[in-house]
Amino acid sequence: MIINIPVFQQCILCGHCTTAEIALCTECALDLPCPDCVCKRCGIDLGPAPPMHGYCGLCLSEPPSFDRCIAGFSYEFPIRELIAEFKFHAGFAEGRTLARLLAERAERAFETGGKPQRLLPVPLHVSRLRERGFNQSIEVARVIGQHCGIAVDTTYCRRSRATPSQKGLSAAERAVNLRHAFTLHGACAEGKLRHVAIVDDVVTTMTTVDTLARVLRRAGVERIDILCLARVS
């Protein structure tokens with residue numbers, strides 16, 4: 001007879017023990033910030049009185065190069081703090097927990113929009129990777145890939161030059177900062193992929209993911225999803 005012994009782990013928010021599959025107790029999970037209605041294209045919170053068509057004004061006037069953004073949460077407390085712990089202090093328990101919750105949301109979205117052929121983490125330049133020690137987007141993509149059964153490729157998209165941090169820059173400055181920053185290799189460059197998902201930790205002005213999406217469009221990719229832990233509204 002097989003006896004299933006519950007595995008206890010510590011909730012990353014309240015510190016209490018939980019037997020949940022992720023390091024988050026039920027009570028804390030229910031308190032995480034999730035907008036009720038978001039733009040069908042960029043995933044930004046549409047507020048308490050969303051338009052009937054379901055799109056924000058910016059996506060209507062200047063549609064991004066990608067098809068839709070699937071965000072796990074709003075970039076608010078405590079998501080903001082959990083991502084900072086993951087990104088800057090190698091908090092892998094926080095990163096894996098948020099990535100698993102995003103994977104569950106993405107899996108539901110794929111039922112209507114189709115499953116991408118590849119997950120493409122936003123690449124870091126080798127100098128930034130050496131400084132941080134890991135690429136947080138790759139870690140997120142691996143969790144999603146395992147949960148959803150999608151291959152993760154870390155070589156198709158490369159950061160061809162080092163760029164200063166995007167933090168504090170305007171949308172126009174971010175665009176200039178990322179000019180010619182990405183190159184494609186392998187199946188992407190050869191036009192063999194039709195549906196991919198770019199994976200990032202946080203989407204703010206959409207400049208980074210939109211720049212990479214434009215490069216992918218030029219290579220012949222027909223559908224591009226964005227998967228991110230949090231969306232800044």
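User: At what angle do the axes of helix 3 and helix 4 cross?

Analyst: This is a predicted model in which local features need pLDDT of at least 70, side-chain atom pairs count only at pLDDT 80 or more, and totals for chains, interfaces and linings use all residues. Residues are numbered from 1 along each chain as its sequence is written, and side-chain values use heavy atoms, without hydrogens and water. Axes are lines fitted to C-alpha atoms, for helices over the stretch in contact, with angles from 0 to 180 degrees between N-to-C directions. Helix 3 (residues 79-89) and helix 4 (residues 92-113) have axes that come within 7 Å and cross at roughly 125°.

User: Which residues of helix 4 make the contact with helix 3?

Analyst: Contact means heavy atoms within 4.5 Å. Helix 3 contributes Ile79, Leu82, Ile83, Glu85 and Phe86, and the residues from helix 4 are Phe92, Glu94, Gly95 and Leu98.

User: Is Leu184 buried or exposed?

Analyst: Leu184 lies in strand 7 (residues 182-184). Not counting residues up to four places away in sequence, Leu184 touches Tyr156, Cys157, Ala189, Val215, Leu216 and Ala219. Buried means under 20% relative accessible area, exposed over 50%, and partly exposed in between, with a 1.4 Å probe and protein chains only. Because its relative accessible area is 14%, Leu184 is buried.

Note on methods:
Helices (H or I, at least four residues) and strands (E, at least two) are DSSP runs, numbered from the N terminus.
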